[in-house]
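User: I have a structure open and want to go through it piece by piece. Can you take my questions as they come?

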Protein chains: 4
Amino acid sequence: MSFREERAAQRRNEILQTAAKIFREKGYHDTSIEEIANELKFTKASIYYYVPSKENLLYECNDMAMNLLLKKGEPIAKLDLPPDEKMRELIKQHVETLIDEISLITVLLQQEYALNEEHRKLIIEKRDRYEKIFTDVLDEGVSTGVFEEYDPKMVKMIIFGAVNWMFHWYSKSGRLKKKEIGEFFADYLVKPLIKNNQ
Amino acid sequence: MSFREERAAQRRNEILQTAAKIFREKGYHDTSIEEIANELKFTKASIYYYVPSKENLLYECNDMAMNLLLKKGEPIAKLDLPPDEKMRELIKQHVETLIDEISLITVLLQQEYALNEEHRKLIIEKRDRYEKIFTDVLDEGVSTGVFEEYDPKMVKMIIFGAVNWMFHWYSKSGRLKKKEIGEFFADYLVKPLIKNNQ
Amino acid sequence: MSFREERAAQRRNEILQTAAKIFREKGYHDTSIEEIANELKFTKASIYYYVPSKENLLYECNDMAMNLLLKKGEPIAKLDLPPDEKMRELIKQHVETLIDEISLITVLLQQEYALNEEHRKLIIEKRDRYEKIFTDVLDEGVSTGVFEEYDPKMVKMIIFGAVNWMFHWYSKSGRLKKKEIGEFFADYLVKPLIKNNQ
Amino acid sequence: MSFREERAAQRRNEILQTAAKIFREKGYHDTSIEEIANELKFTKASIYYYVPSKENLLYECNDMAMNLLLKKGEPIAKLDLPPDEKMRELIKQHVETLIDEISLITVLLQQEYALNEEHRKLIIEKRDRYEKIFTDVLDEGVSTGVFEEYDPKMVKMIIFGAVNWMFHWYSKSGRLKKKEIGEFFADYLVKPLIKNNQ
DNA sequence: CATGAATGAGGGTTCATTCAT
DNA sequence: GATGAATGAACCCTCATTCAT
């Protein structure tokens with residue numbers, strides 16, 4: 001990448017981060033391009049040198065968020081761990097990624113409906129890939145007899161719901177640290193899965 | 001109520017229901033008053049005979065949703081049941097209300113940020129009242145030694161997250177009936193709370 | 001006039017008076033038919049039984065105001081008085097009428113531009129008739145050598161300007177009584193006319 | 001000021017002048033932003049690049065008008081002239097300013113009631129400052145025995161009424177030139193003030 | 001690269017007016 | 001006579017987007 005290109009990529013990233021931050025605070029529709037520009041000491045028109053449209057900005061936020069989750073989740077999927085341990089790791093990593101990138105992931109979770117058809121499809125594809133990591137582990141747990149025979153889809157929904165809901169209440173200034181929160185979720189949500197074999 | 005008034009109240013309700021339905025499908029900002037009017041074979045201006053503003057329409061949806069939840073939840077709170085049983089009932093009722101009024105409650109869960117300051121405050125008050133029903137049961141369960149000593153706030157967040165997430169995936173045509181879903185949630189989410197006293 | 005008609009005429013008059021009052025306070029455009037109706041404990045639609053349109057309401061106010069002025073001014077015109085005395089009487093009467101019917105006359109003076117073409121023409125005709133009473137006296141005063149040879153049109157404008165401006169500042173609670181105000185205007189405005197014949 | 005800024009300031013001024021012209025002809029409420037835009041070969045939306053709102057446009061017209069009057073009047077206040085001469089100058093200047101900026105000042109005199117609370121307050125402050133110039137001279141005239149002992153407030157009202165009324169009848173095509181009109185008003189309105197000391 | 005300027009498209013809201021009951 | 005209900009026609013304003021400089 002040339003210096004020029006690198007510079008542009010960097011600018012682009014700044015814009016995405018700022019957009020995500022403001023989208024999270026005020027919602028996609030209540031954020032104007034001008035606001036994003038002002039925050040960056042740019043002009044409205046300048047944004048359009050780096051970004052083709054507002055919707056594309058939203059898409060890129062969604063995409064970055066999904067990429068992050070996949071980048072963190074996929075290595076865990078490949079680890080050689082028993083299903084319960086693996087699920088705990090997945091949950092902990094998800095919680096931590098969500099906290100680390102609260103803006104991007106909030107946008108992903110909250111503003112998806114504002115994407116256009118085509119972009120939504122792309123995001124949903126990645127989301128399905130990500131969710132499959134979880135259902136695979138659940139399937140394995142059930143088939144190896146480690147987990148209760150719960151419907152994996154329902155369990156997946158419960159886990160994602162519980163964890164994703166964090167964007168509603170998580171605050172940097174809260175009492176609990178991110179590792180603690182991750183542990184808590186992992187404990188609480190994996191516990192009912194474990195078969196009570198005495 | 002006179003015949004006239006009844007008719008007007010009914011019309012008003014129709015508008016709210018239709019608004020909720022479209023708000024759910026497309027989001028508050030992407031729904032125009034005209035769309036709501038068209039759906040009802042009204043004119044845009046006619047809507048304003050029944051509703052003072054678009055934001056007010058959103059508020060009324062939110063308020064109806066909260067009132068429904070409270071109306072269903074508060075009687076359960078007063079029942080004479082052990083904490084675990086009561087929590088199971090609360091979860092089941094919440095799931096069922098959510099399913100029965102999926103549009104209204106989706107709006108409540110997803111579009112809250114579009115309310116104005118004053119209205120948001122009113123909704124949050126009711127929401128706090130509703131959430132307190134759950135934390136009270138958790139507190140009681142912990143203090144009576146029925147529940148593990150989990151942080152009630154965290155548990156509450158997990159439960160609400162898991163259950164509320166339903167609006168993302170629930171579909172009338174799904175395989176599971178609402179009673180089954182309620183049971184599933186109640187089982188899965190209460191199980192980790194129960195103290196393992198052997 | 002039958003009882004029915006009398007009743008209707010009375011209602012009509014009430015509406016005009018109320019309209020004038022509110023038009024004066026808030027201006028023609030910032031007054032809605034509904035406001036006038038509310039003030040009278042009527043419904044918006046009921047107004048239309050007595051009045052064909054909002055603009056007509058304005059016209060009737062203007063017309064009533066002009067009729068009042070003419071009814072008061074024309075008799076004075078016919079009195080057998082020297083020009084200076086007659087002018088003093090005209091001014092005093094104008095001031096007093098303005099004060100007695102401050103609402104109607106304020107509407108006349110301030111909202112004329114909102115009349116439609118046809119109505120404006122009718123009002124201007126009456127206004128010209130009224131103003132002619134004043135210029136006739138001025139002409140007579142000049143031709144009989146009682147008044148300085150000022151341009152009667154200019155003098156008329158000064159007199160009307162000074163007197164009509166009252167609607168900007170007159171208040172029932174003011175210090176001066178209407179007779180005193182009338183005298184003051186008559187003194188001040190006629191004085192420069194009187195030829196300084198020593 | 002840069003070239004760009006100058007251009008923008010000029011455009012802004014053009015808009016204000018055009019607005020004033022149309023407001024004068026049709027009244028504030030009967031003028032749409034679109035009309036102003038069309039007159040300038042702009043688009044409705046373009047107006048909003050220079051002006052934040054229609055009401056603000058009205059306020060700026062009012063403010064410009066008051067500033068003009070103050071700019072012309074205040075230097076006269078500071079001249080070392082006897083009260084009668086000073087009052088004559090004030091009246092002449094007022095007449096000439098009114099004629100030079102008939103649109104702006106007509107808006108000031110006629111559309112004040114359409115300002116919002118805050119803006120009205122600001123305009124009234126300036127108006128009071130301007131009117132004080134006149135009452136100060138009247139006070140001085142009375143206290144130095146040059147003027148008859150008329151109530152200065154009443155005299156001020158008469159003078160402003162007479163002079164401001166001009167916007168109702170003044171026309172560029174009229175017979176009299178602005179200097180002549182100014183002289184006329186000054187003569188007529190100051191004359192009654194002068195004490196008849198023989 | 002950057003931006004001042006301009007605009008099309010659209011949305012919320014108001015209100016005088018109508019009309020069936 | 002009175003009115004609840006409905007509506008057409010405007011109008012203000014916002015904003016993503018474009019483009020000449």
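User: What share of chain A counts as buried?
Analyst: Of its 198 residues, 36% count as buried. A residue is buried if 20 or more other C-beta atoms lie within 10 Å of its own, exposed if 12 or fewer, and partly exposed in between, with C-beta atoms placed from the backbone. This is a predicted model, in which local features need pLDDT of at least 70 and side-chain atom pairs count only at pLDDT 80 or more, while totals for chains, interfaces and linings use all residues. Residues are numbered from 1 along each chain as its sequence is written, and chains are lettered from A and ligands numbered from 1 in the order in which they are written.

User: How many helices and strands are in chain A?
Analyst: Chain A has 10 helices and 0 strands. Those are DSSP runs numbered from the N terminus: H or I of at least four residues for helices, E of at least two for strands.

User: And what box do its C-alpha atoms fill?
Analyst: Roughly 65 × 35 × 30 Å, taken along the principal axes.

User: What part of the contacts in chain A with a separation of 6 or more comes from residues 24 or more positions apart?
Analyst: That part is 74%. Two residues are in contact if their C-beta atoms, placed from the backbone, lie within 7 Å.

User: Helix packing next. How do the axes of H4 and H7 of chain A cross?
Analyst: The axes of H4(A) (residues 54–78) and H7(A) (residues 117–143) come within 9 Å and cross at roughly 20°. That makes the two helices roughly parallel. Angles under 35 degrees count as roughly parallel, over 145 as roughly antiparallel, 65 to 115 as roughly perpendicular and the rest as oblique. The axes are lines fitted to C-alpha atoms, for helices over the stretch in contact, and angles run from 0 to 180 degrees between N-to-C directions.

User: Which residues meet there?
Analyst: On the H4(A) side they include A:Tyr59, A:Met66, A:Leu70 and A:Glu74, and on the H7(A) side A:Ile123, A:Arg127 and A:Tyr130 are among them. By class, the residues of this contact are 8 nonpolar, 3 polar and 5 charged. Nonpolar means Ala, Val, Leu, Ile, Met, Phe, Trp, Tyr, Cys and Pro; Asp, Glu, Lys and Arg are charged; the others, Gly among them, are polar.

User: Switching to interfaces. How many residues does the contact take from chain A and from chain B?
Analyst: It takes 17 residues from chain A and 17 from chain B. On the chain A side, H8(A) (152–164) and H10(A) (178–190) are the elements that give two or more residues. H8(A) gives the most, with 7 residues. The chain A side has 12 nonpolar, 4 polar and 1 charged residues.

User: And between chains D and C?
Analyst: There the contact takes 18 residues from each of chain D and chain C. H8(D) gives the most to the chain D side, with 8 residues. That side divides into 13 nonpolar, 4 polar and 1 charged.
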